[in-house]
There are 2 protein chains.
Amino acid sequence: MSPSTAPTSTGTRGETVPTVPPAHPAVDTADVYALLERGRALSTPVLRAAVDRLAPPMDTVAAYHFGWIDADGRPADGDGGKAVRPALALLSAEAAGAPPETGIPGAVAVELVHNFSLLHDDLMDGDEQRRHRDTVWKVHGPAQAILVGDALFALANELLLEIGTVEAGRATRRLTTATRKLIDGQAQDISYEHRERVTVEECLEMEGNKTGALLACAVSIGAVLGGADDRTADTLEAYGHHLGLAFQAVDDLLGIWGDPEATGKQTWSDLRQRKKSLPVVAALAAGGPASRRLGELLAADAKSNDFETFSEEEFATRAALIEEAGGREWTSQEARRQHAVAIEALDGVDMPEKVRAQLVALADFVVVRKR
Amino acid sequence: MSPSTAPTSTGTRGETVPTVPPAHPAVDTADVYALLERGRALSTPVLRAAVDRLAPPMDTVAAYHFGWIDADGRPADGDGGKAVRPALALLSAEAAGAPPETGIPGAVAVELVHNFSLLHDDLMDGDEQRRHRDTVWKVHGPAQAILVGDALFALANELLLEIGTVEAGRATRRLTTATRKLIDGQAQDISYEHRERVTVEECLEMEGNKTGALLACAVSIGAVLGGADDRTADTLEAYGHHLGLAFQAVDDLLGIWGDPEATGKQTWSDLRQRKKSLPVVAALAAGGPASRRLGELLAADAKSNDFETFSEEEFATRAALIEEAGGREWTSQEARRQHAVAIEALDGVDMPEKVRAQLVALADFVVVRKR
């Protein structure tokens, strides 16, 4: 779907993405794919070399996680994810007037931290599937998921610090701050699952920590490595933070109404996990008959012993109530809102016009994606 | 037991510690306790302030882990461990001619990394007790053990990097390298548990990673923060590395023959966990009838389904075979060997004589401790 076509959510699965305001003509979708591909092409060899440093069997477990080999150790060409972060880290260097290559260690460090969190979160959340494949703890056991996650986190810091410059120290500090927020966000996410009510503000704070912080870091880390001052880095982070919130709002829509073929997750994935995601929280806060009915159902679900065996229809009922109460529409609007704030933040930084247009196009992409 | 008295292992539990060569008269045992107490007194407030930064409930879980509160959240005066590392980090600063206070952020960062590894290792190893109390995963669940471990690791880097100096960047890099080795060591430890035979060399390599690396870092980090050059830091690390190997050899003796009252662990703790620790590995490598009989028993144990219900006597039989094959004596000698190499390494660094004497006394203490 191109940003300039299609209505907002139509109510069918796979058509959930919010419409973005008129496309920014400077960069089209093909260019965004080229940017993502550049990020992947420049960062993957460095990422693979970093993972090769791990002692066995951690190198193998990590290679499985990244999709480079299958569960039996045979080479695979797995789905390594969208690679939005590496693309942002390279653009970040260019935003500071440095060549994109300057951002590579930052791109790889951010990817390592992102994947550290995926390994640990999948275990904590009991998620059995990611990117259409069994998760690491499912294939290699919980101990390896913990251990390899730890190793990727350490590797991220090592990679940056061995550059040995003052800039690399500043970049590592920003990455560490982002990682702490990421962990705070996961702690909030877990605690919210046990609570009956979560406010929209709490949910947004959690998502800002869990998704916004690392995306923000991706957008500043290349610039910092390229010698940008703190004010420039902070402004780029503001773009990344709001982009992260837009990204997460779309993720929350896909988590309920996404097409399993595209997302690689089960149908109604977030509902099955009792996730207090934005559409749910917004629907519960909306008031009105559908909101109240949803609240009653979810309260009963929390106490139910046979929740695990619920039929497709039962989840569909809950999804329909969320939509009727306005949770889906509110979340679509929230994605557009955050998208707009992100793009506005870019005005605060002097940068080559081409880079600005590319950052805008990436923001558009994040909001219209289907997976 | 003072370093100058007592024979080597007598064969009774709690009397396992190897005798150290004639005491170094400049510093007596009381001074060592004063050094440990100074390390604790100067680092604990900073450690507590760091832990207070964690989002709830991680702050509470961490406070439980450190023994500051009990499982119900009531203030406690728990056993925070021996605190050898903070004492070393402060001495490390003094070795570089800086005031001990310069080492405080290093002491706290090393303690944070040490405790990150304890939280994760206890979960991976299924250990239910530490320092006479239920482990975090037992009380607060696996997810909190993972999450709070991650948070302590991030906090360690944050604490150092927010100092913002070139020295702090170098210190963080050394800490990151040590952490990577720590993780490598845990990976080796886990993989060895599934293998029938482990060589003495493999065991020493694993223990060098798991215990030597972070002790080495503790002994260099204060000096680096105090402006020491890399050669000085490397030499101090050599002392710390061998001290760590001596420390671990004693730990391995205590893990089989230690007094549960003193160690806070079960009787025959390492045997119950099928640990391929130094005494076991050395006994298996020794050859002779006791060694062969031990090999047969352990091979059968590995396949046994009722290993969990073994009686005290069955573990005592294995311990006696390890001793008869010479594993206990070899490990005692190894502790003394590493102790001597550690002290010799100190000759490579110019430092105040008082500091040198204190580092020697700490090495003596590590080798004669009962817990």
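Predicted model: local features only at pLDDT ≥ 70, side-chain atom pairs only at ≥ 80, totals over all residues.
Local features are given only where pLDDT is at least 70 and side-chain atom pairs only at pLDDT 80 or more, while totals for chains, interfaces and linings use all residues, and side-chain values use heavy atoms, with hydrogens and water left out. Residues are numbered from 1 along each chain as its sequence is written, and chains are lettered from A in the order in which they are written.

**Where the chains meet**

The contact between the chains (heavy atoms within 4.5 Å) draws 33 residues from chain B and 33 residues from chain A. The table gives the values for this pair of chains.

| Item, chain B with chain A | Value |
|---|---|
| Area buried | about 3000 Å² |
| Share of that area from carbon and sulfur atoms | 72% |
| Salt bridges | two |
| Residue pairs in polar contact (both at pLDDT 80 or more) | four |

Buried area here is the accessible area, taken with a 1.4 Å probe, that two parts lose on being put together, summed over both. A salt bridge is a side-chain nitrogen of Lys or Arg within 4 Å of a carboxyl oxygen of Asp or Glu, and a polar contact is a pair of N or O atoms within 3.5 Å, where within protein one must be able to donate a hydrogen and the other to accept it, and residues adjacent in sequence count only if both atoms are side-chain atoms. A:Arg180 and B:Glu158 form a salt bridge, with their closest N and O atoms 2.9 Å apart. On the side of chain B that touches chain A, the elements giving two or more residues are α4 (104-125), α6 (142-161) and α7 (166-193) of chain B, where helices are DSSP runs (H or I) of at least four residues and strands (E) of at least two, numbered from the N terminus.

**A helix and a loop in chain B**

Helix α2 (residues 58-65) of chain B is largely enclosed by the rest of the structure, because six of its eight residues are buried, that is, under 20% relative accessible area with a 1.4 Å probe, protein chains only. Among these buried residues are B:Met58, B:Tyr64 and B:His65, and what covers the buried residues of α2(B) includes α7 (166-193) of chain A as well as α1 (29-52) of chain B. After α2(B) comes B:Gly67, whose phi is positive, near 85°.

B:Thr267 lies in the loop between α10 (260-263) and α11 (269-272) of chain B, and it counts as buried because its relative accessibility is 14%. The side chains of B:Thr267 and B:Glu312 are joined by a polar contact of 2.9 Å.

Key:
Buried < 20%, exposed > 50% of the residue type's maximum accessible area, 1.4 Å probe, protein only.
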